[in-house]
Amino acid sequence: MTAVLKIESASKSFDAPEGGKIHALKDVSLTIAHNEFLTLLGPSGCGKTTMLRAVSGFEDLDAGEIYIEGEAMGSRPAHKRPVNTVFQRYALFPHLSVARNVSYSLEVAGVDKAEIRKRVGDMLDMVGLTAFGERRIGQLSGGQQQRVALARSLVARPKVLLLDEPLSALDKNLRHKMQEELKGLQHELGITFIFVTHDQEEALVMSDRIAVLEGGKIQQLDAPEALYRYPKNEFVARFIGESNLLPGKVVATSGEACDVQLSDDTVLQGCRRGDLAEGTNVKVLIRPESVVAALSEGTSGQAISGTISESYFIGTDYQLVVRRDGLPPFRATVRAHTDASRFAAGEPIDLFVPHDGVHLIAAEGAAA
Amino acid sequence: MKTRFRPGSFFLSAYGWLFLTFIYVPILLIVVFSFNANPVNMMIWDGFTLDWYRTIFGFPTTLNEQTLYVESTAQLYSAVLNSLTVAFLTTLVSTIFGTAVALAVARFRFRLKSFYRALMFMPMIMPDIILGIALLIFFVSFGFSLGLQTIVIGHTTFLCSYVFVVVSARLADMDESLEEASADLGADGWTTFRRVTLPMIAPGVIGGAMLAFIISMDDLVITYFISGVDSTTLPVHIYGMLRRGIKPEINAIATIMLLSSFVIASIGLYLRARKK
Ligand SMILES: Nc1ncnc2c1ncn2[C@@H]1O[C@H](COP(=O)(O)OP(=O)(O)O)[C@@H](O)[C@H]1O
Ligand SMILES: [Mg+2]
């Protein structure tokens, strides 16, 4: 796979209205392959939009360079870049019909009429708006506007499609439907998508790879599963999925395995990733759903024992909050089964933790 | 939601009607008097006539010569023609300049921008008489000969402001991301302006142009200072007539002007409504 887009040490800062500087991008580097679905994920204000705008040519970088198919973009203006954008609030032209919105880029490029008609027709078919060509934008629902925006930015077959939180304005059901459709479209057209969202579930479902951004920096760039299982730092661990982060210290290492002592002196064994030497302070990540509640006496293995302080039945599972002296409150998601009384608040419980459910993160400030 | 009758609301609506009466009765009187056959005292109704209109357009009338004021229809026509010429040119120039400045202020970042914007508002609040004197001094000291050209320049200086204000309001309502979307889809600056910005602000531009046209047609004070001897506009001409007493023809001229303004404003409103 060759790189379609390469961002090299991109930095961008803005003058803050209160004075001083806001560093929206700090030395960001990123390489994106052909036909990849890459998501920029992060909380509001972390620099996602700035990154897209730098690629599309609406923001000049302070430092760094952007290459599209090997060509340096420099300060090339937006209209000369082979990328198109689906804007957060769509930015459809209200004075033009749906068909004219979609044909805009082709008209501007001087494509001949017959060709335009054919491609616009095909595009409208593809997004399921065949019968809507003559409608005005104001006569469409939010979901339909979303599709027009997609069709408009895809009709010229850009090398890269940038999507800035395109689904955030839709209600939940429509969102799920559009997530599938987007993924389908991307597969069918073979166009690289850079998708921006602050919704981690959406990112996990849709992406080939996810770049987690915070404070203008990429915190981690990985496939969804790797990101979920092996977050590199506390921010990523907390931002993606539910997490228990317990303070601990590495007490023994042997090859791939490694023992960690929690603040209540419980010792757990986990897999070692990266070089965490003995004595290193760490955060121990245990996902709530990776623990197992013992069904019968005599189940063996490493466990965290405590008392249930809160218990919520959510259909297939119970969500528990377990307390133990010396540890922060621990969240656990356990299968609901017939013996429900065992999961009532006040009951004691042993939560068994498999070795691969224990992930160690170097504590912030501790040299890695 | 409808509110039930209350004494308070009775007085409020009475006040409303009184207010409208106060504004419209004088105008209505002019229209009525323009059809009054009494040549001496127009406050006394003496039957319906179209003679005053006939006089204006130079048609034969049943009136005897002494009662007539318009000595020469040719003078009146030339004043109307001057006014139309000035209004047309002024509208053209100030619409282009006013719109361009509004775009620059709305879309670009530059130093002293708010100062610049304030400067654009100044001519609107400046007393006409001061503007008139200032322009006169300017023209004379730079050796312009007074005539239609100086009226056009003079009107343009302050009508740019009106267009600027109207177009700026429209631009403030327009979503800037539409222009970015256009650029994103491959359109250069000019294409974006032609295909997106202009259609979006067209109602404002048309509204500003009509406002400029009406104000230019109507202006007396400034024009009075900067018009030459043979470049009399309609308001200046009427003012000249008035100085020798109010005559019924003036009512007829006023009624026609009123009708034209009304037609222009209606077209403007119609165009705006259709755009929505
Ligand atoms: N034009 C601008 N002027 C000043 N600050 C800006 C500008 N654009 C963005 N910022 C700031 O840069 C940071 C990143 O913004 P943005 O990229 O829009 O975040 P996101 O899209 O992730 O929510 C924010 O702190 C934001 O306030
Ligand atoms: Mg954003």
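In the predicted model, strand E1 of chain A, which spans residues 3-15, runs antiparallel to E2(A) and is joined to that strand by 9 bridges. Within this pairing, A:Phe14 has A:Ile22 of E2(A) as its bridge partner. The two strands belong to an open sheet of 4 strands in chain A, ordered E2-E1-E4-E5 and paired in antiparallel fashion. Strand E2 (21-33) and strand E5 (71-72) of chain A each have a single partner strand and stand at the edges, so that one side of each is left without a neighbour in the sheet.

Chain A also meets chain B, in a contact to which chain A gives 22 residues and chain B gives 18 residues. About 1700 Å² is buried between the two chains, and 61% of this area lies on carbon and sulfur atoms. On the side of chain A, the residues that lose the most area to chain B are A:His79, A:His95 and A:Tyr104, which together account for 33% of what that side buries.

Between chain A and chain B, 3 salt bridges are counted; the side chains of A:Arg89 and B:Asp175 meet in a salt bridge with an N to O distance of 3.8 Å. On the side of chain A that touches chain B, two or more residues are given by each of helix H1 (48-56), strand E6 (83-86), helix H2 (98-108) and helix H4 (142-154) of chain A, and the largest share, 5 residues, comes from H2(A). Classified by residue type, this side of chain A has 10 nonpolar, 7 polar and 5 charged residues.

How values were computed
Residues numbered from 1 in each chain as written. Chains lettered and ligands numbered in written order. Predicted model: local features only at pLDDT ≥ 70, side-chain atom pairs only at ≥ 80, totals over all residues. Heavy atoms only, no water. Pairing = 2+ DSSP bridges. Contact = heavy atoms within 4.5 Å. Buried area = accessible area lost by both parts, 1.4 Å probe. Salt bridge = Lys/Arg side-chain N within 4 Å of Asp/Glu carboxyl O. Nonpolar A, V, L, I, M, F, W, Y, C, P; charged D, E, K, R; others polar.
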